Amino acid sequence: MPFWRRRNDEPASTEAIEPAPPQPEAVEPAGVEAGWEPDPADFDDPVRSEVPAPAELAAETPPTTTVGAGLDAGLQRTRGGFMSRLRGLLGGGEIGGPSWDEVEETLIAGDVGAALAIELVERARARRDPGGPEAAIRAELAALLVPRDPDWTPHSAVPGGPAVVLVVGVNGTGKTTTIGKLASRYVGEGHSVILAAADTFRAAAIEQLRIWADRAGVPVVAHAPGADPGAVVYDALDAAIARGADLVIADTAGRLHTRTNLMDELAKVRRIIDKRLPGGTPETLFILDATTGQNGLAQAKAFHEAVGLTGIVLTKLDSTAKGGIVFAIEDALGVPVRFVGVGEGVADLVAFDPEAFVAALFA
Ligand code: GDP
């Protein structure tokens with residue numbers, strides 16, 4: 001099912017949202033649909049009103065990307081790490097009491113988390129699986145992963161409106177890189193994509209996003225550094241509606257989850273999306289650096305509470321020997337990992353398939 005269609009596959013109508021004329025110079029929200037008045041509290045950033053905020057739509061260039069590296073290849077390090085140890089422990093078939101302790105330790109070392117590792121081992125032992133301990137652990141690990149639609153793509157629930165992906169997470173986790181990869185992926189599939197440079201905290205972030213936008217051949221809506229991120233997202237939605245674009249991907253400033261005001265600001269961006277596209281619930285993707293281990297889990301929980309995550313992208317899985325965080329995070333949040341990053345290149349983003357993942361770990 002194409003992602004710009006409604007979930008119920010009704011043909012998209014353009015009646016529900018009046019395409020707003022492009023407003024490249026606008027700072028204040030414009031082209032609001034009938035019945036909604038902007039709430040000044042949503043645009044209360046004092047910096048924004050002082051900064052001219054020209055929204056820019058870059059020229060389009062043809063995409064050159066394809067989705068590349070396989071999950072199997074990307075997981076080489078992970079597989080060579082805790083999983084090979086686990087296999088070594090489980091592979092003999094016969095497992096005595098002390099070996100289960102080692103299995104538990106190995107799971108903990110692989111970032112599954114202590115409490116979960118203990119539970120897993122208890123459940124695996126209790127299974128008395130005829131396939132042996134490996135089959136038992138494998139089945140228990142697979143059971144932790146959230147059921148999902150294997151054909152998932154971002155979709156618009158609003159007739160005539162774009163699908164929206166809001167990308168959140170702590171600085172340095174790979175947000176911008178992942179946005180670039182996602183843009184290339186969807187452009188490669190024939191969709192029109194607009195990026196929103198709503199990380200207005202750092203001028204460098206806007207520039208970095210432009211570089212990825214150029215690579216993917218997509219326009220980027222940006223204001224000046226320091227502008228209100230909500231206004232940037234708002235203008236990007238306007239531009240997408242005016243152009244009939246399929247997808248808006250919004251970058252956001254990397255927030256330390258302990259900084260409440262920044263988390264509140266993110267919640268505000270979320271509200272602006274809800275107001276400009278009522279009913280068009282965005283996909284809120286949390287970018288998690290797999291090398292940060294259990295600390296990343298704490299980050300994810302804080303973001304989930306603040307904005308309600310709907311998906312996770314686990315980056316840098318190529319550079320860590322610990323893949324257990326996948327199980328920990330899905331079990332803790334009940335939110336699916338949508339993609340994994342397995343390198344720095346544009347094609348190094350792989351759709352996450354739980355069965356293939358477990359199979360690849362034990363291969
Ligand atoms: P942001 O601050 O969250 O936007 O993070 P960036 O997108 O700037 O990425 C931070 C660093 O991580 C950069 O050096 C990226 O090349 C690198 N990076 C991002 N994703 C991956 C990945 O999947 N694998 C590897 N090895 N590096 C990655």
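Analyst: Start with the ligand: 17 residues surround it, the closest being Gly-174, Lys-175, Thr-176, Thr-177 and Gly-341. A residue counts as near a molecule if its C-beta atom, placed from the backbone, lies within 6 Å of it. This is a predicted model, where local features need pLDDT of at least 70 and side-chain atom pairs count only at pLDDT 80 or more, while totals for chains, interfaces and linings use all residues. Residues are numbered from 1 along each chain as its sequence is written.

User: Which helix gives the most to the shell around the ligand?

Analyst: Helix H7, residues 175-188, with three residues. Helices (H or I, at least four residues) and strands (E, at least two) are DSSP runs, numbered from the N terminus.

User: Now the sheet. What is the order of the strands?

Analyst: The order is E3-E2-E4-E1-E5-E6-E7-E8, an open sheet of eight strands with mixed pairing. Two strands pair if DSSP finds at least two bridges between them.

User: Which strands stand at the edges?

Analyst: E3 (220-221) and E8 (349-351); each has a single partner strand, so one side of each is left without a neighbour in the sheet.

User: How do E2 and E4 pair?

Analyst: In the parallel sense, over six bridges, with E2 covering residues 193-198 and E4 residues 247-252. Ala-197 has Asp-251 in E4 as its bridge partner.

User: Back to Ala-183. What is it in contact with?

Analyst: Leaving aside neighbours within four places in sequence, Ala-183 is in contact with residues including Val-193, Leu-195, Trp-212 and Ile-249. Contact means C-beta atoms, placed from the backbone, within 7 Å.

Notes: Contact = placed C-beta atoms within 7 Å.
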